[in-house]
Amino acid sequence: MSSLSDIFTCARCGYCCQGETTVSLDADDQARMTAKLGQSREEMEAKYWRVTKGVVQMKIVDHHCIFYSPEQGCTVHEGRPWRCGQWPLHPSILTDENNFRAIRESCPGINQNLSWEEFCAVFRQLLEHE
C-alpha cells in the first residue's frame, strides 16, 4: 500500500498561502481554529477573519494568509481549514495533466520524480482507501 509521502510531503513553503483571497471556513474549520488558538469567535473575527455576507475567510496580510509566517510556515497548522489540509491533492489533478504540471511546478512538496500517470495511480489508491 502506498502512503501520502510517496506523492507529497508539505515543505511548508507558503506558496499555497499566497494571494489576495483565502479559502472559506466552514463551521468545523471555525471551531477547530477557535479551539487551537483558545479564543472566542468574536476575538477570531476581530483579529483573524474577514466575514462578508456570512462567508468567513482568513484575513490577508502582505499578500499571504494572516496565519502564514516566513519563519514558521502555517502558524495554525493543526487548526487549519480542511481545504488547506487537502492542498495540493485536488481531484482535478486526476483528470487534467496540465493541472498536475502547473501544481507540481508551484509546489515543492509534490514528488518531482513521478510522472503524471505514476502520481495518479498512487493518488487514486489513497482515495480508494480513505
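Buried here means under 20% relative accessible area and exposed over 50%, with partly exposed in between, for a 1.4 Å probe and protein chains only. The structure is a predicted model, in which local features need pLDDT of at least 70 and side-chain atom pairs count only at pLDDT 80 or more, whereas totals for chains, interfaces and linings use all residues. Residues are numbered from 1 along each chain as its sequence is written, and side-chain values use heavy atoms, with hydrogens and water left out.

**Overall architecture**

The protein chain has five helices and six strands, where helices (H or I, at least four residues) and strands (E, at least two) are DSSP runs numbered from the N terminus. Read from the N terminus on, the elements follow the order α-α-β-β-β-β-β-β-α-α-α. The C-alpha trace spans about 45 × 30 × 30 Å along its principal axes, and of the 130 residues in the protein chain, 34% are buried. With contact taken as heavy atoms within 4.5 Å, 60% of the contacts between residues at least 6 apart in sequence join residues at least 24 apart.

The protein chain exposes about 7900 Å², of which carbon and sulfur atoms supply 51%; accessible areas come from the Shrake-Rupley method with a 1.4 Å probe, and for residues only the protein chains shown count as cover. There are 13 positive and 18 negative side chains, and the centres of the two sets lie 5 Å apart. In that count Lys and Arg are positive and Asp and Glu negative, while His and the chain ends are not counted, and the place of a charge is taken as NZ of Lys, CZ of Arg, CG of Asp or CD of Glu.

**Helix 1 and its surroundings**

Helix 1 (residues 27-37) has D29, Q30, M33 and T34 as its buried residues. Seen down the axis of helix 1, these residues fall within an arc of 125°, so they line one face of the helix, the arc being that of the directions from the helix axis to the C-beta atoms. An α-helix has 3.6 residues a turn, so residues three or four places apart point the same way. The exposed residues A27, D28 and A35 sit on the face of helix 1 turned away from its buried side. The cover over the buried residues of helix 1 includes helix 2 (41-47), strand 1 (49-52), strand 2 (55-58) and helix 3 (82-86). Just after helix 1, G38 takes a positive phi of about 60°.

**Helix 4**

In helix 4 (residues 97-106), the buried residues are F100, I103 and R104. They cover an arc of only 100° around the axis, which puts them on the same side of helix 4, and the buried residues of helix 4 pack against helix 5 (116-128). On the face turned away from the buried side, helix 4 carries the exposed residues N98 and E105.

**Polar pairs**

A polar contact is a pair of N or O atoms within 3.5 Å; within protein, one must be able to donate a hydrogen and the other to accept it, and residues adjacent in sequence count only if both atoms are side-chain atoms.

| Pair | Atoms or groups joined | Distance |
|---|---|---|
| S2 and Q125 | side chains | 2.8 Å |
| S69 and E71 | side chains | 3.0 Å |

S2 lies in the segment before helix 1 and, leaving aside its neighbours within four places in sequence, is in contact with V122, Q125 and L126. S69 lies in strand 5 (residues 68-69) and counts as buried at 10% relative accessibility.

**Backbone features in the loops**

K53, in the loop between strand 1 and strand 2, has a positive phi of about 50° although it is not a glycine, and K53 is exposed, with a relative accessible area of 84%. D62, in the loop between strand 3 (60-61) and strand 4 (64-65), likewise has a positive phi, near 50°, in a residue other than glycine; at 65% relative accessibility, D62 counts as exposed. The peptide bond from W87 to P88 is cis, with omega near 5°, and P88 lies in the loop between helix 3 and helix 4.
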